[in-house]
Structures are given as structure tokens and as C-alpha cells.
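Hi,

Here is the structure I promised to pass on to you. Have a look at it first, and then read on for what I found.

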Amino acid sequence: MGSGGGGAPAAIVGAHETPYTRHPAEGRDTRSYLAEAVAGALADAGIEHAAVDGLGVSSFSLAPDHAIDLAWRLGLHVRWLMDDANGGAGALNMLGHAVRAIEAGDAETIVLVSGDHLDRAAFRTLVEQYNRATADELVPLGYAGPNALFAMLTQRYADEHGLTREDLACIPIAQRWWAGRNPGAVYREPLTLEDYLAAPYVAEPLTRYDCVPVVTGADAVVVSAAPARRRRGAAPHVRVRAVAALHNPDDQQGDGVHPGFAEVAARLWPVAGAGPGDVDAAFLYDDYPVMALVQAAELGLVPGGDLAGWLHRDLLERRWPLNTSGGQLSAGQAGAAGGMHGLVEAVHQLRGRAGERQTPASLALVAGYGMVLYRHGACHNAAVLERIG
């Protein structure tokens, strides 16, 4: 990404995800899950708690606490601090800032953590009070969450590209195949096309297999000065080749299925010194299958724009490495950890720590998306990551 001067090159040297659960344990709160993720990521990196001098936090349910409150509770004395409330885009937002902070010499070891404790009541409150537009304009209409909005986006995208339900089914079915190899996924049983087509609608054309399951949990990564890690003979680390972002590209006046990723791609790939054909795996934000497909298309992963061919040939038949954890659709969405989930899985793959689902990936694409302002998500970002060592 280029050094800002004063510091060493930055790399991701550790990652951890707490076990996701559909039913939060009694006596636990958001802070306890975030603390568990931080401890796990530091242990994975082989870095002592006292060495941390930066902290970034993304959480919906940590409120009224903020990053500084979590730093206090964890006993962290930091000189770099960041709060990010941008949901699925929060992880890559924080990653970009953390890398630049280390390159500038503002910190040496930064932990980025995202997560939420969401039971049924907490999730209902989050949905109904998501932002002022939701509370004032959508809830009075009987709005019960984002499913209805993304049902419209799904139908619009399918009509525009001539996609059938059988085509869109490829993403949840293929990701469920990967989830069967991930002991941390909340849904691991095989999913067939027959199962998918027989499922009842939640908001037509979306069935329950198209809607991300809400879970409780947290994810964290450790970003540190790469040369120091090499001197200690650590396991392979992950270099951030490029991060690009775009927020509120259309004032919510666009169609929602042509968001900001094409512009992100135009800046991302030249800085990364690579192209879509060079990546070995992708980790795309998948709250709904259509949004994973939108990202894949606009970021250049679909050769010749043949969406149906890519879905059936590359994902379903060859099981090309897309969201090898099972993605959020099978592993679950732990609130603001949704964007960090893909980043953590990418780091595990690139460092050779993905267990039964391990692929030979050395260059990966990670994308974040989210924060529905009124009609569709307004935050878009992507990063290219490379295995070093």
C-alpha cells in the first residue's frame, strides 16, 4: 500500500473467531465475546497482551460503551484507537486505517475486533432502531427487517440478468458444502437444490436459505509490523496489498444492484498490482446471495459477465473457493462481525490454518458491504491480501 513514513510495513499476523451460537449463553455479554476474540487472536499471533498499542472496535450491542471503554476493561494502554459502526464494511474500514497507522509509526501492534451478543429481543431492537430513517419511515409501514428490501433487489437483479431461482441457489448450496468442512459453522448439513426450492418464502423470492442467520459471537485480527514478526520466526503472515472504499455513491437514488463496487474495483486492482484473474479465493459479504453475486460481478470475478455460467460451472460444479467458511449464510452473522468473518477466514486460508477446508490460496480478495440507509447498503470496500512466508 505504500509507507507513509516513520513506521514499518504492516501485516496481519493473527486471527480468531469465537464459536458462533444461535442461542447466547446465560451470563455473557458483548464485551465477553469481544474479549475472547482479542485473546484468541493475540494467542494465534504469539503476541503478548502488553505489546498491543492500538485497538479498533466495531459493534452494535457494545453501546453505551465504546472502544475506549473496551480498552479500559481489557487493560490495554493504546496510542491508536478507532470506533467503527459501519457493520459489514467496518472490518475493512478499520484494516485500512490500521495499516496506514502502522506504516506512519502511530502504532506497532493493533487489534481489530468486531462482534455482538444478539438474542431475539436485542435483534428486534437493532432492526427497529437501525437508523433514523428506519425508525421514522420504515417501521410505521410494518417493516420487519431488511428481508423485504433485499427481496426487491434480488428480483430486480434476476430480471435484469435473466437469472432463475436455480441459478441463485448455487451460492447458498456451494457455501453449505464448504460449511460442512467448518466445525464453527452453525449450519453444516448438506443443502440440495431440492431442499432450497422446497423451502417456504420469507419474502418472495427469498427463502430462509437466502437470509443470513443471526448469531452471537466475535472476530478479531492482529495487525503488526511485519519485520518484527519475521525476526521471531512466526508462521506465514498476510500482507495487505490494497484497500479501497466508497460510501454513499448514489444518495439512495440508484437501483441498489449497481452500487459502488465497480468504482472500488477501478482503484483497487491497479494499487494491488494484480487483477481478478490472479486471486485464488474470494471472501464476499453474503447477507443475501444476490449481494455476493453483485460483488463478484462488479469486482471482476465473473469472466465475460456470464453470471449463470459462473454460478453453475465455477461455484457449484468446481466449488471455486468463495466464502470457504460457509459464509454468513451458513456460518452465521454475528452483527457487526459480519464483515470481519470473511477477513478472518481469508487470513486462516492464507496462513494455512483452515483445517479440512484448506485451499492452496496465496492471493485473496475480501469485500465488505452494508449499512442500509433507506433502500440499500451505502458502504462498499474491498481488499487484496497476499500470503508472505
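Below are my notes, going from the sheet to the helices and then to the cores.

One thing before you start: this is a predicted model.

**The sheet**

Begin with the open sheet, which has nine strands in the order β3-β2-β4-β7-β1-β8-β11-β10-β9 and mixed pairing. The edge places go to β3 (80-83) and β9 (281-283); each has a single partner strand, so one side of each has no neighbour in the sheet. From one strand to the next, the twist averages 25°.

If pairing is new to you, strands of a sheet pair through backbone hydrogen bonds, in either the parallel or the antiparallel sense.

Next comes β7. Is this strand enclosed or open to the outside? Nine of the nine residues of β7 are buried, so the rest of the structure largely encloses it. β4 and β7 run antiparallel, with eight bridges between them, and valine 113 stands opposite alanine 220 of β7. β1 also pairs with β7 in the antiparallel sense, over seven bridges; here glycine 14 is opposite valine 222 in β7.

Now go to the β9 end. Strand β10 (residues 363-372) is mostly covered, with ten of its ten residues buried. Its pairing with β9 is parallel, over three bridges, and phenylalanine 283 sits opposite valine 366 in β10. With strand β11 (residues 377-388), β10 pairs in the antiparallel sense over nine bridges. Alanine 367 has alanine 382 in β11 as its bridge partner. A hairpin of four residues links β10 to β11.

**Helices**

Helix α2 (residues 67-74) has Ala67, Asp69, Leu70, Ala71 and Leu74 as its buried residues. These pack against α1, β2, β3 and β4. Just past the end of α2, glycine 75 has a positive phi of about 70°.

There is also a helix pair to look at. Packed helices are described by the angle and the distance between their axes. For helix α3 (residues 90-103) and helix α15 (residues 338-350), the axes come within 6 Å and cross at roughly 60°, so the two helices are oblique to each other. On the α3 side you will see Ala91, Leu92, Met94 and Leu95, which meet Gly339, Met340 and Leu343 in α15. By class, this contact has six nonpolar residues, one polar and no charged ones.

**Cores**

Which residues touch the most other members of the largest nonpolar core? They are Phe150, Leu284, Leu293, Leu299 and Leu365, in a core of 62 residues. Two or more residues of this core come from each of α6 (147-161), α8 (170-179), β8 (237-247), α11 (261-272), α12 (289-298), α13 (307-317), β10 and β11.

Leaving aside neighbours within four places in sequence, leucine 299 is in contact with Phe261, Val264, Ala265, Trp269, Pro276, Leu284, Leu365, Ala367 and Ala382.

**A loop residue**

Last, find alanine 169, in the loop between α7 (165-168) and α8. Is alanine 169 buried or exposed? With a relative accessible area of 0%, and under 20% counting as buried, alanine 169 is buried. Beyond its neighbours within four places in sequence, alanine 169 is in contact with Leu193 and Tyr196. As for arginine 156, it is 13 residues from alanine 169 in sequence and 16 Å away in space, C-alpha to C-alpha.

Notes: Residues numbered from 1 in each chain as written. Predicted model: local features only at pLDDT ≥ 70, side-chain atom pairs only at ≥ 80, totals over all residues. Heavy atoms only, no water. Pairing = 2+ DSSP bridges. Axes fitted to C-alpha atoms, helices over the stretch in contact; angles between N-to-C directions. Buried < 20%, exposed > 50% of the residue type's maximum accessible area, 1.4 Å probe, protein only. Parallel < 35°, antiparallel > 145°, perpendicular 65-115°, else oblique. Contact = heavy atoms within 4.5 Å. Nonpolar A, V, L, I, M, F, W, Y, C, P; charged D, E, K, R; others polar. Core = buried A, V, L, I, M, F, W, Y, C linked by side-chain atoms within 4.5 Å.
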